[in-house]
Amino acid sequence: MYLPETSTRYQALKSTSDATIEISPESLAYLRDLAERIGGADEKASKTGTKNVKSVFRKEPSGAALIIDYGTAASIPTNSLRGIRAHKRVSPFESPGTTDVSADVDFLGLAEAAINASPGVEVHGPVDQARFLTAMGIRERAAQLVKQAVDRERAGSTGDDKSTLTDLVTRIEGGSKRLIDISPQGMGKLYQVMAILPYLGTREKPRRPVGFGGDITS
């Protein structure tokens, strides 16, 4: 009765028959705390005692948070509770104690919680992992690691044979490609990335951090 009233996003579904939503109050509480630590809490909220006053008072915003997980970029998660065992999706009730229990993250819900908790923060994203890591230079980094491995092998400094080098190169290239693969077998679309930064309200042009549409000169 109470939780669906905490956000206009949830309230909008009340008129939809049999609508189902998943809400993680603890996740929202973590984000509120992070936002307060970075930007300080809303002054009105702190006076009413609804915020953690131990961490709200800051002379100026500082710090940052980078959140990476799998979840929905825009919609509210529904029926996402599942178990993960041996890299496969199983019932959350299978083999209790040896099965990881997981659910999708509601990234827009986290962003809303952060913004509502502190006037001193700004939120960037979510963007999918493929876009974020590509902008951060994952392909260039993988090529650099391969080159370093080849150079070490040619110099004879590692004592590795060619089969070991081939295996290393395969793992570097395969691993980096899987992180940005947007197919159902990859992780590029499944995972989302979001950043919480100090709000810079004095800037005329909104900033875009690297990985979220900006570059190193922004």
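Reader: How far apart are Arg37 and Asp33 in helix α2, counted in helical turns?

Author: In this predicted model, Arg37 and Asp33 are four residues apart in helix α2, so about one helical turn separates them. The two residues form a salt bridge, and the closest N and O atoms of that pair are 2.6 Å apart.

Reader: How many salt bridges does a search of the whole structure find?

Author: A search of the whole structure finds nine salt bridges. One of them joins Asp106 to Arg9, with 3.0 Å between the closest N and O atoms. Asp106 belongs to strand β5, which covers residues 105-106, while Arg9 belongs to helix α1, so this pair ties together parts that are 97 residues apart in sequence.

Reader: Is Asp106 buried or exposed?

Author: Asp106 counts as buried, because its relative accessibility is 10%.

Reader: Which residue forms a salt bridge with Glu94?

Author: That residue is Arg85, and the closest N and O atoms of Glu94 and Arg85 are 3.9 Å apart, which still meets the definition of a salt bridge because the cut-off is 4 Å. Glu94 is partly exposed at 34% relative accessibility, and for Arg85 the relative accessibility is 34%, which again counts as partly exposed.

Reader: Changing topic to the sheet, in what order do the four strands come?

Author: The four strands form an open sheet in the order β5-β1-β7-β6, and their pairing is mixed. The edge strands are β5 and β6, each of which pairs on one side only.

Reader: Which helix packs on the sheet, touching β1, β6 and β7?

Author: That helix is α2, and its direction makes about 35° with the direction of β7, the strand of residues 191-198. Helix α4, made of residues 107-117, lies across β1, β5, β6 and β7 and runs at about 170° to β6.

Reader: How do β1 and β5 pair, in the parallel or the antiparallel sense?

Author: β1 and β5 pair in the parallel sense, over two bridges. Within that pairing, Thr72 has Asp106 of β5 as its bridge partner, and Asp106 is also the residue that forms the salt bridge with Arg9.

Reader: What is 8.3 Å away from Thr72, going by C-alpha atoms?

Author: That is Leu190, whose C-alpha atom is separated from that of Thr72 by 8.3 Å, although the two residues are 118 residues apart along the chain. Leu190 lies in the loop between α7, residues 162-180, and β7, and it is partly exposed at 42% relative accessibility. If its neighbours within four places in sequence are left aside, Leu190 is in contact with Asp69, Tyr70 and Gly71.

Reader: Okay, and where is Arg82 found, and is it buried or exposed?

Author: Arg82 is found in strand β2, and it is buried, with a relative accessible area of 10%. Its side chain is joined to the side chain of Asp104 by a polar contact of 2.8 Å. Not counting residues up to four places away in sequence, Arg82 touches several residues, among them Tyr70, Arg89, Val90 and Asp104.

Reader: Now the backbone: which peptide bond is cis, with omega near 10°?

Author: The bond from Gly125 to Pro126 is cis, with omega near 10°, and Pro126 is found in strand β6, which spans residues 121-128. For background, most peptide bonds are trans, and most residues other than glycine have a negative phi.

Reader: So what is phi of Asp18, and where is Asp18 placed?

Author: Phi of Asp18 is near 60°, which is a positive value in a residue other than glycine. Asp18 sits in the loop between α1, residues 8-11, and α2, residues 25-39, and it counts as exposed at 74% relative accessibility.

Reader: What about the phi of Asn79?

Author: Asn79 is not a glycine either, yet it has a positive phi of about 50°. Asn79 is found in the loop between β1, residues 65-72, and β2, residues 82-85, and it is exposed, with a relative accessible area of 59%.

How values were computed
Residues are numbered from 1 along each chain as its sequence is written. This is a predicted model: local features need pLDDT of at least 70, side-chain atom pairs count only at pLDDT 80 or more; totals for chains, interfaces and linings use all residues. Side-chain values use heavy atoms; hydrogens and water are left out. Buried means under 20% relative accessible area, exposed over 50%, partly exposed in between (1.4 Å probe, protein chains only). A salt bridge is a side-chain nitrogen of Lys or Arg within 4 Å of a carboxyl oxygen of Asp or Glu. Two strands pair if DSSP finds at least two bridges between them. Contact means heavy atoms within 4.5 Å. Axes are lines fitted to C-alpha atoms, for helices over the stretch in contact, and angles run from 0 to 180 degrees between N-to-C directions. A polar contact is a pair of N or O atoms within 3.5 Å; within protein, one must be able to donate a hydrogen and the other to accept it, and residues adjacent in sequence count only if both atoms are side-chain atoms.
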